[in-house]
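Please look at the sequence and the model first. The paragraphs below then go through a few parts of the fold in turn.

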Amino acid sequence: MTDDDRLAALEARVAALESAAPSPSPEAVDDSGLVSYEGAVRLHGEVSWRIGYSPAAVVDLPAAPTAEVLAALGHPVRLALVRRLLTGPASAAELQDAAELSSTGQVYHHLRALTAARVVEQDGRAFRVPATGVVPVLTMLLAAGDIAGLLR
């Protein structure tokens with residue numbers, strides 16, 4: 001087996017691990033019903049995700065980390081950065097162009113909030129939406145569009 005073959009096999013195993021859907025947790029089923037979302041997308045790799053929780057468990061999720069994610073996505077520049085990163089990894093300079101910002105310092109300011117909320121991660125000099133976050137982020141964008149009346 002050549003080094004290229006070994007590298008290809010390793011990349012395939014990593015991709016399979018990153019796209020694995022989480023197992024249902026004990027909170028997934030109770031008398032209050034079930035809220036779920038799922039997706040299988042091919043934006044910059046294949047990602048499949050399915051999760052379901054009881055409404056009561058969703059309401060009881062800790063407020064601070066949930067609010068941190070919503071706040072990170074609640075700024076127009078951060079939303080532009082995340083939309084760009086959903087199409088594939090990008091450097092700070094590429095993100096500066098995508099968000100039409102005047103400096104990479106502004107990009108890093110917004111990336112700090114997105115990385116702290118675990119919406120975005122850094123991989124060397126590039127940033128990306130983690131594979132396990134692609135479908136959840138798309139779902140949040142879809143739900144926000146629905147609430148805003150954009151889907152009707």
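Glu121 belongs to strand S4, residues 121–123; strands are DSSP runs of E with at least two residues, helices are runs of H or I with at least four, and both are numbered from the N terminus. Glu121 is partly exposed because its relative accessibility is 27%, where buried means under 20% relative accessible area, exposed over 50% and partly exposed in between (1.4 Å probe, protein chains only). Beyond its neighbours within four places in sequence, Glu121 is in contact with Thr115, Ala126, Phe127, Arg128 and Pro130; contact means heavy atoms within 4.5 Å.

This is a predicted model, in which local features need pLDDT of at least 70 and side-chain atom pairs count only at pLDDT 80 or more, while totals for chains, interfaces and linings use all residues. Residues are numbered from 1 along each chain as its sequence is written, and side-chain values use heavy atoms, with hydrogens and water left out.

Next come two helices. H4 (residues 76–85) packs against H5 (residues 92–99) at an angle of about 120°, and their axes are 9 Å apart. Axes are lines fitted to C-alpha atoms, for helices over the stretch in contact, and angles run from 0 to 180 degrees between N-to-C directions. H4 is therefore oblique to H5: angles under 35 degrees count as roughly parallel, over 145 as roughly antiparallel, 65 to 115 as roughly perpendicular and the rest as oblique. The contact is made by Val77, Ala80, Leu81, Arg84 and Leu85 of H4 and by Glu94, Leu95, Ala98 and Ala99 of H5.

Leaving aside neighbours within four places in sequence, Leu95 touches residues including Leu81, Val107 and Phe127.
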